[in-house]
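Trainee: I am new to this structure and would like to go through it with you slowly. Could we look at it together, one question at a time?

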Amino acid sequence: MSPRRRHLVPFSQLRVAAAAVMAAALLAGCGVGAGTPATDTRLTITRDFGHVDVERLDDPASGGADTAMRLLQRNAEVETRFGGGFVQAIDGVAGGMRDGRTVDWFYFVNGVAAEEGATSYEVRKGDHVWWDHRDWSVTGTVPAVVGAYPEPFVHGVDGKRLPIRVECPIEDDPACEAVRDRLVQVGVVPGSGGLRTSLAQETIRVIVGPWSAVRADQVARRIEEGPATSGVYGRMASDGRSLEVLDERGEVTRTLRAGTGLVAATRIEDEAPVWVVTGTDRAGLRAAVGALTEARLDRAFAYAVTAGGGVKLPEVTTSDGAADGAPAP
């Protein structure tokens, strides 16, 4: 590895990089092996935090028992390193340095950053595999994103469907019932209750309420600390009255106040992902609930919404120099 890139390897590919070097012969086969054929699989390839489409395949070419790497190789031109265990380039777009900042390829399965290298992850039926080429100078770890909705609720995490619990710090909050209805519409039946007081490794939690109430949850509160902690490129104020929108450098591009909603996901280590549907006030919370659709969240790492429209977070300057992240319907 060249000196300019020796400090880190993207987290989503790091877990098996060392093993890949020591077992290159095994990885040369790209992880193809026996297993249940994957059907209804989706493959998405983007750049710049999902703002730029490279490829979107609802029915990608598949060998039936592919790894994430092999699925990618069947549908794109891929250059690898570390004995085939690390993606260096897709369709000519390579990792390295851009404008003095580190960029590389990362992948998610069902909206969750993979815990395995792409040569080890066996794609299961219904998986949504999403590769994104992004700046990772602020954080190498974005543990979960919302842009694969209705995943991970439908097909789960690591091939395992998990229980879903909608948690409402305010009893009988109509926003919570609306979120439960949205999940029922995509074919899942969530449980419900108040905020948990402990982590839930085997349950996907959806926390719903104004920020002043949901920040009592230790996982949700990480969003106040910014992307280096939560992976969310938006920072809620501790008083719940405003949301700072960040760019890919972690710098504030604007501050949204009354009527602002936020849909974001985060995760602590190997715990199940936690989704947060929140707002600066009741109007913002209603806006966030209304954004909980596949069309609105599509390819968003996180999503802020105001009366003027939605904003995919982070706001970025794309590689062609154009600002990408203005409010959208």
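Trainee: Does tryptophan 130 count as buried or exposed?
Mentor: This is a predicted model, in which local features need pLDDT of at least 70 and side-chain atom pairs count only at pLDDT 80 or more, while totals for chains, interfaces and linings use all residues. Residues are numbered from 1 along each chain as its sequence is written, and side-chain values use heavy atoms, with hydrogens and water left out. Buried means under 20% relative accessible area, exposed over 50%, and partly exposed in between, computed with a 1.4 Å probe on protein chains only. Tryptophan 130 has 1% relative accessibility, so this residue counts as buried.

Trainee: What kind of aromatic pair do the rings of tryptophan 130 and phenylalanine 301 form?
Mentor: Phenylalanine 301 is buried, with a relative accessible area of 4%. Rings of Phe, Tyr and Trp (its six-membered ring) pair if their centres lie within 6.5 Å, and planes under 30 degrees apart count as stacked, over 60 as edge-to-face and the rest as tilted. Because the centres of tryptophan 130 and phenylalanine 301 are 5.6 Å apart and their planes stand at 85 degrees, the pair is edge-to-face.

Trainee: How many residues apart in sequence are the parts that this pair of tryptophan 130 and phenylalanine 301 ties together?
Mentor: Helices (H or I, at least four residues) and strands (E, at least two) are DSSP runs, numbered from the N terminus. Tryptophan 130 lies in strand 9 (residues 128–135) and phenylalanine 301 in the loop between helix 9 and strand 18, so the parts tied together are apart in sequence by 171 residues.

Trainee: Which backbone nitrogen does the side chain of threonine 280 reach?
Mentor: Threonine 280 sits in the loop between strand 17 (274–279) and helix 8 (282–290), and its 13% relative accessibility means that threonine 280 counts as buried. A polar contact is a pair of N or O atoms within 3.5 Å; within protein, one must be able to donate a hydrogen and the other to accept it, and residues adjacent in sequence count only if both atoms are side-chain atoms. The side chain of threonine 280 reaches the backbone oxygen of arginine 257 at 2.9 Å. At 3.4 Å, this side chain also reaches the backbone nitrogen of glycine 259.

Trainee: Which cysteines form a disulfide?
Mentor: A disulfide is a pair of cysteine sulfur atoms within 2.5 Å, and a search of the whole structure finds one. With sulfur atoms 2.0 Å apart, the partners are cysteine 168 and cysteine 176.

Trainee: Within what arc do the buried residues of helix 4 fall?
Mentor: The buried residues of helix 4 (residues 68–75) are Ala68, Met69, Leu71, Leu72 and Asn75. The arc is taken from the directions from the helix axis to the C-beta atoms. Seen down the axis, the buried residues of helix 4 line one face of the helix, because they fall within an arc of 165 degrees.
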